[in-house]
Amino acid sequence: MALSNLDRRGFLKGTTAGALALGLAPRAFAQETPKRGGHVRIGHSGGATSDTIDPATYTGGPVVTAMIGGVCNNLVEIDETGAAKPELAEEITPSADAKTWTFKLRKVTFSNGRPLTAGDVIASFRHHMGDDTKSGAKELLKDVTDIRADGDNVVVFELGSGNADFPFVAADYHLLIMPAAADGTMDWKSGIGTGGYTLEEHEPGVRIGLKRREDYWKSDRAWFDEVTLLTINDPTARQNALVTGEVDIINGVPTKTVHLLERRPGIDLVEVTGTAHFPFPMHCDAAPYDDVNVRLALKYAMNREEMVEKILRGHGSVGNDHPIAPAYRFHNAELEQRAYDPDKAKYHLKQAGRDSLDVTLATSNGAFAGAVDAAVLFQESAARAGITVNIKNEPADGYWSNVWLKAPFCQGYWNGRPTEDWMFSMVYAADSSWNETHWQNARFNTLLQEARVELDTAKRAEMYGEMQQLCRDDGGAIIPMFANFIDGKSEKVKHGALASNRFLDGWKAVERWWLA
């Protein structure tokens with residue numbers, strides 16, 4: 001089955017044996033027709049003097065925005081709809097069991113004029129595999145049992161078990177394609193990629209300079225002549241740099257200072273619904289949280305709307321006690337939204353044989369900004385349901401090592417993951433080392449395994465929809481809200497439809513945005 005453009009719910013539907021002939025669709029720009037030219041300056045958080053351009057070391061920051069959106073490409077990219085679309089791949093063919101994935105490569109060149117080959121792809125992936133690598137992508141590729149070339153422009157991946165989301169794995173920001181050295185290893189030190197820009201300067205933790213390639217294979221991308229990324233880790237300094245015109249774009253505007261930029265003429269906010277969320281995990285194997293009615297009572301005792309308004313200052317959306325935000329492909333929009341209801345909380349307490357409840361919540365602003373305030377709001381709303389929430393304020397230093405995963409009721413933070421399977425497997429699967437609620441649900445775990453290998457997206461949507469319901473009604477996490485990604489820019493910087501998988505247009509602003 002050949003498809004030229006796949007929508008977010010249509011990816012892989014009915015393709016149990018067919019090849020996907022995938023093309024790059026023209027984007028529908030939200031503002032005006034883009035144009036080439038100009039020098040854009042980006043004030044970016046997350047830079048450090050220890051930064052390198054070795055993709056195995058990426059954790060975020062300006063080096064990632066420069067490399068994934070500028071210097072290099074992946075086999076697959078995530079577009080503005082959340083769909084996995086081919087980038088350096090031209091065709092993607094899964095086997096019927098989703099265990100074998102064949103990628104036919106485009107005929108493109110690196111910035112030094114050398115053609116892209118299957119050997120480059122193999123070297124780039126193997127850089128993150130094996131016992132010796134310390135790559136952040138090592139865990140993602142643990143199920144890859146073999147990578148082989150089928151000629152110069154075809155790469156075949158063999159997996160130990162089926163994974164219908166493997167194209168999303170190939171889009172991970174670590175898995176950039178760079179040239180293979182003579183010995184078959186990845187040559188990352190040269191800083192050469194197939195992207196729209198060349199790396200002209202890299203002073204770690206200070207600045208990165210890029211220059212546009214005239215021969216970039218994407219004719220509708222890479223609009224700037226030059227790009228400079230400046231490390232500005234302090235959010236106040238970053239906002240001041242935008243206000244004074246020192247930079248044209250900044251990432252990561254804190255919700256508590258958004259109003260300051262909103263009032264500034266000539267400055268626009270770039271805001272999208274993201275996947276970041278703030279769970280209140282309860283250990284399902286520890287009393288009193290081992291009673292599902294106690295868990296439900298606590299869920300109904302949470303005022304989600306108040307949380308979004310006062311903690312996120314309106315820059316987010318209410319959660320429904322599962323981690324799948326509206327930005328995901330298989331978000332279950334038909335699942336009834338849980339609302340604050342003290343009477344229902346009292347009902348579930350009675351079902352648990354209780355007239356009241358007394359619990360201790362471990363909190364710290366080390367969990368997330370505003371966590372202590374969120375705990376106080378919960379304490380107040382729960383009191384109206386006959387629930388006493390005792391707040392235990394923990395030191396921010398060491399919170400993640402001393403409190404999270406250890407305290408039976410605490411607070412957490414997740415930035416989300418690219419796919420439902422990824423998020424569920426990491427935090428909600430019975431055997432996950434990060435199962436922060438100690439939740440064990442046989443039906444959920446069966447669906448998790450079945451959905452992972454199912455290539456029909458309609459069936460997958462049903463499975464993930466049921467899994468969200470199971471989390472909501474049986475799981476051990478209260479998830480009151482999802483946070484938006486908020487960036488800032490000069491009004492002279494333009495863009496089209498925005499991706500919501502990361503800030504700065506899914507880290508692709510360097511390639512997708514332009515100057516008016």
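Which residues does Lys508 touch, not counting residues up to four places away in sequence? Before I answer, please keep in mind that this is a predicted model, in which local features need pLDDT of at least 70 and side-chain atom pairs count only at pLDDT 80 or more, while totals for chains, interfaces and linings use all residues. Residues are numbered from 1 along each chain as its sequence is written, and side-chain values use heavy atoms, with hydrogens and water left out.

With that exclusion, Lys508 touches Ile68, Gly69, Glu77 and Glu87, where contact means heavy atoms within 4.5 Å. Lys508 sits in the loop between α14 (503–507) and α15 (509–512); helices (H or I, at least four residues) and strands (E, at least two) are DSSP runs, numbered from the N terminus. Lys508 counts as buried because its relative accessibility is 5%, and buried means under 20% relative accessible area with a 1.4 Å probe and protein chains only.

A cavity here is a set of points on a 1 Å grid over the protein atoms alone where a 1.4 Å probe fits but cannot get out, and lining residues have an atom within 4 Å of a point. Among the lining residues are Val270, Phe485 and Arg502.

Strands β9 (residues 197–203) and β10 (residues 207–212) run antiparallel and are joined by 6 bridges, and two strands pair if DSSP finds at least two bridges between them. Leu199 has Leu210 as its bridge partner in β10, and Gly205, in this hairpin with 3 residues between the strands, takes a positive phi near 75 degrees.

Terms used:
Buried < 20%, exposed > 50% of the residue type's maximum accessible area, 1.4 Å probe, protein only. 1 Å grid on protein atoms, 1.4 Å probe; cavity = no way out; pocket = protein on both sides within 12 Å on 5 of 7 lines; lining within 4 Å.
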